[in-house]
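The exercises below go with the sequence and structure shown next. Each one sets a task and then works through it step by step.

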Amino acid sequence: MSEKVLIKGNYAIAQAALNAGLECYFGYPITPQTEIGEYLSGEMYKRNLAYVCAESELAAINMVLGASSTGAKTMTTSSSCAVALMQEALSYACADEVPVVLVNVMRAGPGLGYIYPAQGDYYQAVKGGGNGDYKMTVLAPSTVQECIDLTYRAFYLAHKYRNPTMLLADGLLGQMMEPAEFGEYPYPEVDNSSWALTGAKGRDGRAIYSLGACEEKQIKRIYHLFEKYKQIAENETDWEELNTEDADILLVAFGSMTRNIKAAMNELRKEGIKAGILRPITLSPFPTQRINEISKQVNNIIVVEMNMGQMVNDVKIAVEGNAKVDLINRPVGQWLSVEEIITGVKKVLENSYASV
Amino acid sequence: MEQNFIIAGFGGQGVLFAGKVLANAFMFLGNNVTWYPCYGAEMRGGTVNCEIVISDEEVSSVHKENADYIIALNQLSFDRFLSKVKSGGMMFSNSTLVDENKLRTDIEYLSAPMTQIANESGYSKLANMVALGALTNIIPALNENVLAKAIQKVLEGGKEKFFESNLEALKLGIGCLALA
């Protein structure tokens, strides 16, 4: 499996999930990620694994919730407006501490929106639409190779921390083909024998539920969850950094938009503008501390995203006013071109010089 | 350096297939490559296109505003994508189905009777391979061997029986000189 193959992002995610040991898939088709379910329907049948094309996304995520509580490696995949339907169950999955793996191949919203790629679900993924204090772990791939690598990581992190983990891709990544290598699933298997619901023969019964029942219990549960989120942040926060050592301006993007800011950075450097890049690989936990460090050294931070400005607010929180934070964005459709980003950066720089 | 190609035509002309073959060929030649289809409510008889970006570095954006090379297999694609050719780029069209309306003077035009060549040889569905064959005369890095290997790769998994006919159509394209 170490040969490079030209493969579509959606198929790469599906095959990576199988390599990671996927046992149960529950899903409902929606563009631009339908190929994941299509691919798995054949491959899981061949392998005698559980594949259910559910009657709705709501059903799919609740099936995942049930199957995950047995410790099985489960997954559902969907897109934006249908992931919206899953938010209640994700809050439950966080409270119940079950290892759900969820893939969102983003399309345009709000509402039914359209099938074109966008990055408008940043808030939905990292802040969540479910109730209560909870955090999912969210990973954002920027290439087809990373669709594979981060699918592997999503399964590992979901099981290691018993926390729902989302792969947040977009229609561009789902539909594009690139050369990629699968390799072997690189993580150890996580022992779930201490909590999984596997039948109580020979041991006391267990129950997984999120009802607090009394104040003290509920408080304890939330502190326990947040102690876990703290550990996830300490151990698993991940980002990519390029040319930040001598940077005057920092470009920040996530997912497939990173590719364009890399090209823009190279062009800007040729013109003598010292640009660097930080790309969060984990959107939750967010590399807040590192961005804060860099913000003390640069004059400008420019966030580039395909939405009306969502991650930019987390960057502002991280920056704590140390640098000027601007946004280059478009809500949907054609990805911001390298030229548009360069023009945008120059405009930001002109304005900030003018204001000095 | 980055270069990009858009292949466009009717649904059913093998546009996406040709794009996959081209992308694999460029990968075999050692390039970084990204293939991206238009996706949406396309259907047989409608228009379809895909974009291939190659680079010696990491490929930046796909879904670009314009392209270095556009391969138009029908009139609709020629008309739609003429404005998307980069200045100094090339419009390569299927002269059987396209009347070149050379509205722009800052690009190069080449054409070949792809559908006619395919039809006359009994490969009526393979104008796409004729196009790729003809492309070897335009892009020096491409050749029969690498494209044949790419066709084989894309047909893996149950469609191997179509290899011979695709290869024959490819060869016909290679033998056909694209005309200005």
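How many aromatic pairs does a search of the whole structure find over all chains?

The model is predicted: local features need pLDDT of at least 70, side-chain atom pairs count only at pLDDT 80 or more, and totals for chains, interfaces and linings use all residues. Residues are numbered from 1 along each chain as its sequence is written, chains are lettered from A and ligands numbered from 1 in the order in which they are written, and side-chain values use heavy atoms, with hydrogens and water left out.

**Exercise 1. Count and classify the aromatic pairs.**

Step 1. Rings of Phe, Tyr and Trp (its six-membered ring) pair if their centres lie within 6.5 Å; planes under 30 degrees apart are stacked, over 60 edge-to-face, and the rest tilted.

Step 2. Over all chains, the search of the whole structure gives 11 aromatic pairs.

Step 3. Tyr185(A) and Tyr187(A) have ring centres 5.7 Å apart and planes at 65°, so this pair is edge-to-face.

Step 4. Assign burial: buried is under 20% relative accessible area, exposed over 50%, and partly exposed in between (1.4 Å probe, protein chains only). Tyr185(A), at 14% relative accessibility, is buried, and Tyr187(A), at 24%, is partly exposed.

Step 5. In Phe5(B) and Tyr69(B) the centres are 4.8 Å apart and the planes 10° apart, a stacked pair. Phe5(B) belongs to strand 1 (residues 2-10) of chain B and Tyr69(B) to strand 4 (residues 67-72) of chain B, so the pair links parts of the chain 64 residues apart. Both Phe5(B) and Tyr69(B) are buried.

Step 6. Tyr185(A) and Tyr187(A) belong to one aromatic cluster together with Tyr152(A) and Tyr156(A).

**Exercise 2. Describe the fold of chain B.**

Step 1. Helices (H or I, at least four residues) and strands (E, at least two) are DSSP runs, numbered from the N terminus. Chain B has six helices and six strands, in the order β-α-β-β-β-α-β-β-α-α-α-α.

Step 2. The radius of gyration of chain B is 15 Å, close to the 16 Å of the globule rule for 180 residues, so chain B is as compact as a globular protein of that length. The radius is taken over C-alpha atoms, and the rule is 2.2 Å times the number of residues to the power 0.38.

Step 3. The C-alpha trace of chain B spans about 40 × 40 × 35 Å along its principal axes.

Step 4. Of the 180 residues in chain B, 54% are buried.
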